[in-house]
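Okay, everyone, thanks for coming.

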Amino acid sequence: MNNARVAGVGMTKFCKPGQQQPYRVMASSAIKDAVKDAGIEFKQVQQAYASYVYGDSCCGQHALYDVGMTGIPLINVNNNCSSGSTALFLARQAVASGAVDCALAFGFEEMQPGALGSHWDDRESPFDNVLKKLDEVADCHQGPLALKMFGQAGTAYIDKYGANPDIFGKVSVKTRSHAVNNPYSLFANEMTLDEVMSAPTIYPPYLTRFMACPPTCGAAAVVVCSAEFAKKHNIKANVEIIGQSMITDIADTWTDPMRIIGSDMTKEAARQVYEQAGVGPEEVDVVELHDCFTPNEVITYEGLDLCGEGQAEKFINDKQNTYGGQVVVNPSGGLMSKGHPLGATGLAQCTELVWHLRGTAGKRQVEGANIALQHNLGLGGAAVVTMYRAL
């Protein structure tokens with residue numbers, strides 16, 4: 001396979017449920033921006049992948065038709081919170097394999113207020129087995145599915161490594177400080193550690209309100225092409241995908257709360273990406289990772305090998321996760337500040353990283369960014385890790 005290029009990106013500003021435009025409008029806007037950014041016409045796109053979770057079949061077509069009806073194949077993708085990166089995975093694979101020269105991945109979501117829930121209560125849930133296992137391996141508090149799973153993983157991390165639980169709050173503080181410079185972020189105000197730690201507890205004993213991302217609505221899109229396509233049409237496409245891996249649950253996943261929320265999937269996906277790219281974690285300049293809850297960011301530092309096992313507390317306290325440190329993690333403000341429109345999140349992460357590699361990220365620019373790493377996680381489950389390089 002040849003490496004695929006990112007030619008164009010686009011996204012809408014995420015907003016609270018109830019304040020959004022229809023998904024068709026948000027998605028078509030992001031697509032138009034990405035196509036324009038790529039410097040091509042929509043008719044040159046040969047294949048498309050639409051990611052979303054909450055919606056009827058063929059929502060992708062409904063959104064795409066406002067941009068154009070060119071008869072291209074369109075595949076609707078639902079892979080829970082990793083849907084956006086799954087669409088990107090498929091678009092890159094189509095281009096890298098030579099099946100097409102130019103593909104589009106776009107994602108969108110109209111979320112509802114409050115905790116994530118299912119609309120299908122008349123059949124088995126894909127989480128029935130995993131929740132049963134979680135209750136078997138841990139003394140869990142009750143709560144909404146995602147809160148219970150990530151909250152218990154946070155408890156397991158503290159119990160295993162003896163870290164100070166304030167690391168979960170420090171991640172929130174760091175993330176909010178980054179969001180101040182992101183015009184696409186929902187929250188753009190800084191917070192103190194005391195404000196985070198003294199907020200109402202949402203999952204005992206450690207998780208407070210400001211350690212969980214809010215549901216938001218929005219859309220994002222990415223145009224991927226081959227080097228030959230870029231040369232032929234005289235477009236820049238100066239960001240290259242040099243490694244990408246998707247891992248689903250493995251045999252040992254359901255034996256530990258941290259594994260249940262994807263620590264092993266993340267670790268294996270990252271290992272494969274570092275091997276594919278021939279680039280180690282010490283060479284990564286900027287990371288966008290899946291911080292739906294701050295314990296997941298802490299656990300993911302180690303899964304991505306940004307620090308050693310049990311070393312996340314030192315990594316955080318030494319401020320190695322921000323500007324001036326080893327690597328800048330979530331310069332966008334992450335899911336914690338932007339919110340999490342499920343189908344759009346992975347593609348919004350890609351968009352942010354591309355801006356940094358182009359040197360166009362404004363006040364939040366990571367200086368000299370050359371290598372970027374992306375992590376997008378979906379329970380149920382899948383972890384997608386992608387590495388980009390500036391050309």
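So, Y184: buried or exposed, or something in between? Its relative accessibility is 26%, so Y184 counts as partly exposed. Keep in mind, by the way, that this is a predicted model. Now bring in W355, which has 13% relative accessibility and therefore counts as buried, since the cut-off for buried is under 20%.

What do these two have to do with each other? The structure holds seven aromatic pairs, and Y184 with W355 is one of them, with a tilted arrangement: 5.2 Å centre to centre and 35° between the planes. Y184 sits in the loop between helix 6 (166-179) and helix 7 (193-197), while W355 belongs to helix 14 (residues 342-358), so the pair ties together parts that are 171 residues apart in sequence.

While we're on rings, there's also one aromatic cluster made up of Y23, Y52, F106 and F108. And if you look at F89, you'll find R92 lying over its face, 5.3 Å from the ring centre.

Okay, on to the strands. Please find strand 12, residues 382-390. How many of its nine residues are buried? Eight of them, so this strand is mostly covered. Strand 12 has strand 8 (residues 239-248) as a partner, running antiparallel and joined by nine bridges. In that pairing, G243 stands opposite M387. Strand 12 also runs antiparallel to strand 11 (residues 371-378), with eight bridges between the two. There, I371 has R389 as its bridge partner.

Now zoom in on the turn. Strand 11 and strand 12 make a hairpin with three residues between them, and G380 in that turn has a positive phi of about 120°. The peptide bond from G380 to G381 is cis, with omega near 5°.

A237 has phi near 40°, and you'll find A237 in the loop between helix 8 (227-232) and strand 8. With 3% relative accessibility, A237 counts as buried. Then there's K319, with a positive phi of about 55°, in the loop between helix 12 (312-317) and strand 10 (328-329). K319 comes out at 58% relative accessibility, so this one counts as exposed.

Last stop, the annotation. UniProt, in an unreviewed entry, lists residues 263-385 as "domain: Thiolase C-terminal". In our model that span is 43% helix and 14% strand, and its end C-alpha atoms lie 12 Å apart.

Technical notes
Residues numbered from 1 in each chain as written. Predicted model: local features only at pLDDT ≥ 70, side-chain atom pairs only at ≥ 80, totals over all residues. Heavy atoms only, no water. UniProt positions renumbered as here; feature names shortened; annotations may be inferred. Helix = DSSP H or I, 4+ residues; strand = E, 2+ residues; numbered from the N terminus. Buried < 20%, exposed > 50% of the residue type's maximum accessible area, 1.4 Å probe, protein only. Pairing = 2+ DSSP bridges. Phe/Tyr/Trp six-rings, centres within 6.5 Å; stacked < 30°, edge-to-face > 60°. Lys NZ or Arg CZ within 6 Å of the ring centre and 35° of its normal.
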